Amino acid sequence: CFKEETMARRPRLYLPDCPVHIIQRGNNRDACFRDDSDYKAYLHFMREAAAQYEVAIHAFVLMTNHVHILATPSTEESVSRMMQSIGRRYVQYFNHAYSRTGTLWEGRYKSTLVDTDNYLLTVYRYIELNPVRAGMVEHPADYPWSSYPYNAAGVDIKMLTPHDGYLALGKTSVLRESTYRDLFQSHIPDMDIEAIRLATNKSWVLGSENFIEQFERRVGVAGKTAGHGGDRKSKAYKKSTTLTL
């Protein structure tokens, strides 16, 4: 069972219990957060919407002009309903707070299905390293508006639910958090960063060739455009040696 959101552009695809990477940007890249109270309001709306529509939130970061979320929906409708709820409530809040009118978001949000075996923890890191790549902080622990404190240090963030792939990092929370922190000692390969960005912006499936083929057989919809992929066993991946945050 899957959700195919029918619009003029390529539809977004949802599978129950399959993680999704979501990006929502401010209109014209304008700031959608101006004050600490704005970040807190968005997180409040996200927590309530995730609970209402049964979406498990695993990782997030709220940047000045955009948001990243890694989540697993319980139904094919869960993500779209959650994002509609957050977007609507936050725009009402923001417009009232700053005496403005009109849209805040840059069209529809973007999303991609994530291959748990090959990309889940990379997407975790990609999301929480956004402030580092943007030059805002030197380490993800220094940025207050992300899930890193929960995943790496056990700080209580009630809306978050660890994915099974995260839980597999260790038998205890201490071991999991230590192993998770160790993942940030190495850089994310350029090829992975490009694969995540491309799949999310194009609404492709982020995964190995085998994962994409299984998805296509299951739902009868192309998981990507011919000529693009993210298979870590490919020759192109093995030749990729450039590392970056």
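This is a predicted model: local features need pLDDT of at least 70, side-chain atom pairs count only at pLDDT 80 or more; totals for chains, interfaces and linings use all residues.
Me: Is Ser85 buried or exposed?

Reply: A residue is called buried when its relative accessible area is under 20%. Ser85 counts as buried because its relative accessibility is 5%.

Me: Which residues is Ser85 in contact with, leaving aside its neighbours within four places in sequence?

Reply: With those neighbours set aside, Ser85 is in contact with Ala49 and Tyr53. As for Glu48, it lies 37 residues from Ser85 in sequence, while the C-alpha atoms of the two are 9.2 Å apart in space.

Me: Turning to helix α7, which of its residues are buried?

Reply: In α7, which runs over residues 173-183, the buried residues are Arg176, Glu177 and Tyr180. They cover an arc of only 95° around the axis, and therefore they sit on the same side of α7.

Me: What do the buried residues of α7 pack against?

Reply: Their packing partners are α3 (116-128), α5 (148-153) and α6 (164-167).

Me: What is the mean pLDDT of the protein, and where is the pLDDT below 50?

Reply: The mean pLDDT is 88, with 87% of the residues reaching 70 or more. Over residues 1-8, however, the pLDDT is below 50, and this stretch has 27 contacts in the model beyond near neighbours in sequence. Residues 227-245 also stay under 50 in pLDDT, and for them the model has 41 contacts beyond four places in sequence.

How values were computed: Residues are numbered from 1 along each chain as its sequence is written. Side-chain values use heavy atoms; hydrogens and water are left out. Buried means under 20% relative accessible area, exposed over 50%, partly exposed in between (1.4 Å probe, protein chains only). Helices (H or I, at least four residues) and strands (E, at least two) are DSSP runs, numbered from the N terminus. The arc is that of the directions from the helix axis to the C-beta atoms. Contact means heavy atoms within 4.5 Å. pLDDT is the predictor's confidence in each residue, from 0 to 100.
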